[in-house]
Amino acid sequence: MSASSAEPTISPFDAVIVGAGFSGLYMLHRLRQLGLSARLFEAADGVGGTWWWNRYPGARVDIESMEYSYSFSPELEAEWEWSERYATQPELLAYLDHVAERFDLKRDIQFKTRVTAAAFDEAQSRWTVRTDRGEAVSARYLVMATGCLSVANRPDFPGLETFKGKTYHTGHWPHGGVDFTGQKVGVIGTGSSAVQSIPKIAEQAAHLHVFQRTPNFSVPAHNGPFDPAFLADWKTNRAQYRREGRENGFGIRALDSSEQLAVETPPEEQRRVYEERWARGGFSLVGAFADLIFDPAANATAAEFVGSKIREIVKDPAVADTLFPRSYPIATKRLCVDTDYYATFNRDNVTLVDVAATPIEAITPTGLRTSEADYELDSIVFAIGFDAMTGALNSIDIRGRGGVALKDRWAEGPRTYLGLMVAGFPNLFTVTGPGSPSVLCNMAVAIEQHVGWIADCIAHLGGRQLAAIEATAEAQDAWVAHVNEVAEMTLYPQANSWYLGANVPGKPRVFMPYIGGFPAYREKCDQVAAQGYEGFALSSAASGVS
Ligand code: FAD
Ligand code: N01
């Protein structure tokens, strides 16, 4: 397909990148280093991706900043100082803006431009990419750095349009912030975004109602400024610590994964281990025992430990009970990392409403009605999550060989080879796509590995005058089968999580990320490349397959 004569056509590029978050920025940098021309399109009017959009009160990273940051440039690492153990959203945004300035990336980024369509021209082995500004641009490679959690779920509660107050979505927070002082506020949802924002909103609001459908497990962050000794140690040992992060199954060094099994550990020792990790804070609790995500009996020990902490912190036993998740194993929905979440329910101005027991029936002009009561609200915060992993890709009309639409190909769930490419869609790369560790990993680690692999692959093609690379259907089928097989070995499929698409009505129930562990995955990607891109078909401009 070529651009029609009516639409403005931008000169061709070697590559188009979509998205200016962690992924897109680094991709642009790597392609520049290869001497390639690239144009990056970004819907927002600044860089940052997740950290540009999610500005709700309390938004911050839940993986320690020393690890949730780029490692590709020792100079960048040396010059950037994080102020806290878990950086806030403004600090993360400032960091990504600094990266964009430092590597002079903005001159190739077109902001406030949404990519709406992309079609592969088989004769030319090139993509034509269209935007909401009516432009068309041709590129050899198309890299989707569109994010796993970048399409916010739309609230579709009956009566929403009648509400006279203000509504907010955590994923599209107003840039000037929101002052809830003196207001009656309702938060719908209790995932990570809610768990971070609820304590902050409670500090301002006259009254806060939290509408909880499914409780989440949460562990304390124990956030704070860095201990100078900790910082000095990191500076001395940074290369080793980064390597240790990459060697961890979840890409997180601080997880400190133990090989000990909970089921072989006496209860008093289990308790000691959990207490020690609770005191450390963050995800380290999940690293306590090697069988937590595999064995229901082991998992129950961790769940019960967190339950005991909830009962310790929350004064009202009925509220503590409602906050304790019983419908899924711990960690099979993303564990939340909080500051004062459970303690917030001790405040006189906070009420927990169990909307699993008393479902939301409607939003009314003055608030919200459940099957049991009417709640008067001035503002409603929707902390209802995202159409994860496939949402951003499926909202673009992507057409591969024979004009086949990606969203049709994925009608029964996403299928990829290594989460990097899709059979039938040559030269289309997905950064942290479904079928890769992505959201089950420290995303900074996952992104650097993916971008590095894609850049090396493009260099390989360029060096051999090859025009196209495409996953074979056989390799893709085998990979999808493997992704499903390893997921089934764990307890993860037991939860109705967004990992499975269960949070979006009608979305196929497919476990989307790869849970075989980041090191095994990276090794597989390296092997595939070393063996001449095994499982991919490479073709020359004359379209002969090599
Ligand atoms: P994003 O940051 O999502 O960027 C994608 C960009 O693509 C967006 O700016 C979007 O506007 C743009 N885009 C999408 N579609 C189009 C289109 N059609 N046209 C133009 N532009 C488009 N991960 C962790 O590992 N640790 C954490 O602590 C952590 N915290 C998180 C907190 C929140 C609130 C959220 C929502 C996610 C968090 N994540 C975390 C996951 C986070 O998304 C990744 O860590 C990372 O920021 C993803 O970077 P990205 O560049 O791949 O995608
Ligand atoms: O979204 P979620 P999120 N009626 O999907 C509820 C990352 N992140 O934005 O579980 C009533 O987790 C829904 O209930 P249920 C992180 O990867 C990280 O909070 O479907 N309730 C759930 O409670 C995270 O996992 C951080 O029953 C409704 C909530 O809304 C991911 O982003 C911070 C409902 C949605 O929770 C998504 O997190 C923020 C309805 N109709 C995000 N619809 C960090 O800490 C949905 N819900 C770094």
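Tyr-492 and Phe-511 are both buried, and this briefing takes their burial from a predicted model.

**Aromatic pairs**

- Phe-211 and Tyr-375 form an edge-to-face pair, with 5.3 Å from centre to centre and an angle of 80° between the planes.
- This pair links distant parts of the chain, for Phe-211 lies in strand β9 (residues 207-212) while Tyr-375 lies in strand β15 (residues 374-376), and the two are 164 residues apart.
- Phe-211 is buried, and Tyr-375 is buried as well.
- The rings of Tyr-492 and Phe-511 have centres 5.7 Å apart and planes at 70°, and therefore this pair counts as edge-to-face, for which the planes must be over 60 degrees apart.
- Tyr-492 and Phe-511 both lie in the loop between α14 (473-488) and α15 (518-530), so their pair ties together parts that are 19 residues apart in sequence.
- A cluster joined by ring pairs includes Phe-22, Tyr-26, Trp-51, Tyr-68 and Tyr-70, and Phe-72, Trp-80, Trp-82, Tyr-95 and Phe-103 also belong to this cluster.

**Charges over rings**

- The charged end of Arg-55 sits over the ring of Trp-52, at a distance of 5.1 Å from the ring centre.

**The surroundings of ligand 2**

- A polar side-chain atom of Ser-193 lies 2.6 Å from an oxygen atom of ligand 2, and an N or O atom in the side chain of Trp-498 is 2.9 Å from an oxygen atom of the ligand.
- Asp-62 also approaches ligand 2 through its side chain, with a polar atom 3.3 Å from an oxygen atom of the ligand.
- Taken alone, ligand 2 exposes 910 Å², and the protein buries 87% of that area.

Methods: Residues numbered from 1 in each chain as written. Chains lettered and ligands numbered in written order. Heavy atoms only, no water. Polar contact = N/O pair within 3.5 Å; in protein donor to acceptor, adjacent residues only side chain to side chain. Areas by Shrake-Rupley, 256 points an atom, 1.4 Å probe, with all protein chains shown as cover. Phe/Tyr/Trp six-rings, centres within 6.5 Å; stacked < 30°, edge-to-face > 60°. Helix = DSSP H or I, 4+ residues; strand = E, 2+ residues; numbered from the N terminus. Buried < 20%, exposed > 50% of the residue type's maximum accessible area, 1.4 Å probe, protein only. Lys NZ or Arg CZ within 6 Å of the ring centre and 35° of its normal.
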